Amino acid sequence: MNRKPPARRAPPPSTNKHAHPGRWEGKAKPDWLARALARAGVLPQGEAEDAIKAGRVSVNGKVVKQPLAPVPPGAAVRVDGQPVSLEAPTRVLAFHKPAELLTSTVGQHGVGTVYEVLLPQLPPELAGFTWHAVGRLDRGTTGLLLFTNDDKLVTHATSPDTHLTKRYVATVFSEADEEKVEPLRHGVQLEDGPARPAKVRLRDAHTVEVTVTEGRNHQVKRMLGAVGLPVRALHREAVGGVELDVPEGSFRLLTDAEVTEGLRYPPGTNKE
């Protein structure tokens, strides 16, 4: 004799008016497999996707062939039968960007990218990560460009709400003096809204040091242009407490102290 399954009880109504169905309310949100492998430095994301599709990756003993498959916290993951850790320590690289490179993963019209210069230099212990540029520098702008495996650090460092300083040195065509740069200290009006007051110091008549806490497109160039000081060359010397101290085209790994103190990014911020 067939029995009908018991009727399902409707779940009690949520008391949280902001709750959304499908959200991981109150739980650790799982990462997706390919990104988890890349974040942990096991494989770059493209290679991780290929390995997953080829059936080389298992989660809790089962082969998974979907790169977007969620990975529960604490899952046992193996690649080619070998256990791997998905712990994702935050790593940050300080790179000295040369001129005439794009802050992009794809070159344009024969113009190279920062990745083409950076990635071949990385030792094996860093080569497995997927690296995200922390903000951008224009093609002609040189200086400090940070890279990280932690996309949350990118958001932290580039958000205007963080007020993380960026110090630039501009070589200008016109002759600079205190009267010309004074409006920058109070905030000049740009086409996309007023700029925040900047810290400005004259190094000489054609060299102006500008420290801002925003990162809008071409911001420093536009600010200086607004006060009659068109920029001939622009160089970034520092981000937060991290100073540029490596030769052009080279990089170094930041210390944990530089990440937590210099970038004001506390340990564990990258964890869900």
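**Exercise 1.** Find how β15 and strand β16 (residues 242-243) pair, and over how many bridges.

*Solution.* Start with the terms: strands are DSSP runs of E with at least two residues, helices are runs of H or I with at least four, and both are numbered from the N terminus. Two strands pair if DSSP finds at least two bridges between them. Next, look at the two strands: β15 and β16 pair in the antiparallel sense, over two bridges. Finally, inspect the turn: the two strands form a hairpin with two residues between them, and Gly 240 in the turn has a positive phi of about 60 degrees.

A word on the model before going on. It is predicted, so to speak of local features needs pLDDT of at least 70, side-chain atom pairs count only at pLDDT 80 or more, and totals for chains, interfaces and linings use all residues. Residues are numbered from 1 along each chain as its sequence is written, and side-chain values use heavy atoms, leaving out hydrogens and water.

**Exercise 2.** Does strand β9 (residues 142-148) run parallel or antiparallel to strand β15 (residues 231-239)?

*Solution.* Begin with the direction: β9 and β15 run parallel, joined by two bridges. Then pick a pair: Thr 142 has His 235 as its bridge partner in β15.

**Exercise 3.** Work out how many bridges link strand β10 (residues 166-172) to β15.

*Solution.* Seven bridges link them, in the antiparallel sense. To locate one, take Thr 171, whose bridge partner in β15 is Ala 233.
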